[in-house]
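Here is a walk through the inside of one protein model, covering its pockets, cores and strands. Keep the structure open as you read.

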Amino acid sequence: MNINELWVVCQSPDFSEAAQALAERLGQPLKFDIDLTDLQAPEFVVVFDHHGVSLQQTGRKAPGPIRTEFAEGAVDHRRKFGGGKSQMIAKAVGVKAGVYPNVLDATAGLGKDAFVLATLGCTVQLLERSPVVHALLHDGLDRARSQSPFDDPELAGIIARMELLAVDSQNYLEQITDENRPDVIYLDPMFPDRQKSADVKKEMAAFHHVVGKDEDADSLLEKALGKANYRVVVKRPRKAPFIANKTPSYQLEGKSSRYDIYTLKKMPEQLGSRGL
Ligand SMILES: C[S@@+](CC[C@H](N)C(=O)[O-])C[C@H]1O[C@@H](n2cnc3c(N)ncnc32)[C@H](O)[C@@H]1O
């Protein structure tokens, strides 16, 4: 993980504590009430304002801010019209009627995949080690949690199935014992060449700046294989090599990405409770 220079910018005194905590964790400067329109450097800033937390590129031609949104936009659209259990991720993880595995998402990012799994009825533990990405995801979950009980009880139920922890999965996996093994461990580490739509490009450029390349993905897979009950699922760009050169039990291939599935044990016909 490499942290390039970035500023933490606090645009309202309401968020000064959270902004200060992040700046201290990152060892980066904290600035107050900055006019971002003419700012050219550093290349990225993390902004705390009344919209929530966002990661923004600076400069006149910069794309819009990146923030975590569960109640609107692409993630919300996929929840409502995305195809439910017929989605490839559902098949990869093994979700079907009566089978709702609990999933440890060891590379949470902005929580999009975890949100799909929680929408399908899985309980998901999300682990994120980058303080910046964790701040974005924490904010998105918080906003969805505080808005949804009134506007959208179904969304509230989904968010209630997602638990976020600010940890390095390498350490977390080592602490898992036979008593608390997750049914499925899900991995989607950063891969340098993955980019398609303008949105993904924007997000990837920003992630490469604040997260780097996840060079330790091989050992994460090795550890995960020793800790999941039924399977480990790895999301990869379609043409990428296997992580750790390890051939999966089988693969599911989509247009731009694929899932490598490492099965450990057959899943039972009934698992978990959908809790909806
Ligand atoms: C490609 S993103 C994941 C995107 C995610 N699947 C989504 O749907 O939004 C990879 C994320 O995994 C995180 N990550 C990688 N290795 C990790 C580890 N050992 N522990 C915790 N987080 C890790 C990175 O910081 C990065 O935010």
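Contact here means heavy atoms within 4.5 Å. With that in hand, take Asp139: leaving aside neighbours within four places in sequence, its contacts are Gly52 and Val53. Before going further, some ground rules: this is a predicted model, local features need pLDDT of at least 70, side-chain atom pairs count only at pLDDT 80 or more, and totals for chains, interfaces and linings use all residues. Residues are numbered from 1 along each chain as its sequence is written, and side-chain values use heavy atoms, with hydrogens and water left out.

Asp139 sits in helix 5, residues 131–151. Helices (H or I, at least four residues) and strands (E, at least two) are DSSP runs, numbered from the N terminus. Asp139 is buried, at a relative accessible area of 10%; buried means under 20%, exposed over 50% and partly exposed in between, using a 1.4 Å probe and protein chains only.

**Empty space**

Rolling a probe the size of a water molecule over the atoms shows where empty space is left. The search runs on a 1 Å grid over the protein atoms alone: a cavity is a set of points where a 1.4 Å probe fits but cannot get out, a pocket is an open set with protein on both sides within 12 Å along at least five of seven lines, and lining residues have an atom within 4 Å of a point. Grid points are joined across faces, edges and corners, and a volume is the space filled by probe spheres set on the points.

Helix 5 turns up again in the second largest pocket, where it gives the most to the lining, with seven residues. Helix 1 (16–26), strand 3 (44–49) and strand 4 (52–57) are also among the elements that supply at least two residues each. The lining has 16 residues, and Ala18, Phe48, Val53, Ala135 and His138 lie nearest the pocket's centre.

There are also two cavities of 30 Å³ or more. Strand 4 gives the most to the lining of the largest cavity, with three residues, and helix 8 (198–210) supplies at least two. That lining includes Phe44, Leu55, Lys202 and Ala206. Around the second largest cavity you'll find Glu69, Phe70, Ala71, Gly140, Arg143, Ala144 and Gln147.

For the lining classes, Ala, Val, Leu, Ile, Met, Phe, Trp, Tyr, Cys and Pro count as nonpolar, Asp, Glu, Lys and Arg as charged, and the others, Gly among them, as polar.

| Space | Volume | Lining residues by class |
|---|---|---|
| Second largest pocket | about 360 Å³ | eight nonpolar, three polar, five charged |
| Largest cavity | about 50 Å³ | five nonpolar, three polar, one charged |
| Second largest cavity | about 30 Å³ | three nonpolar, two polar, two charged |

**Nonpolar cores**

A nonpolar core is a set of buried Ala, Val, Leu, Ile, Met, Phe, Trp, Tyr and Cys residues joined through side-chain atoms within 4.5 Å. The largest one has 36 residues, of which Phe70, Val93 and Met162 touch the most other members. Helix 4 (112–119), helix 5 and strand 11 (257–263) are among the elements giving two or more residues to this core, and helix 4 gives the most, with five. Zoom in on Val93 and, neighbours within four places aside, its contacts include Pro101, Leu117, Tyr186 and Met267. A second, separate core of 24 residues includes Phe48, Val53, Leu110 and Met204.

Strand 1 (residues 6–10) is largely enclosed by the rest of the structure, because five of its five residues are buried. In a regular strand the side chains alternate between the two faces of the sheet. Here, Leu6, Val8 and Cys10 point one way, while Trp7 and Val9 point the other.

Two strands pair if DSSP finds at least two bridges between them. Strand 1 pairs with strand 3 in the parallel sense over five bridges, with Cys10 partnered by Phe48 of strand 3. Strand 2 (residues 30–32) also runs parallel to strand 1, joined by three bridges; there, Lys31 is the bridge partner of Val9.

**A buried loop residue**

Last stop: Ala240, in the loop between strand 9 (231–237) and strand 10 (250–253). Ala240 is buried, with a relative accessible area of 8%. Not counting residues up to four places away in sequence, Ala240 touches Phe191 and Arg258.
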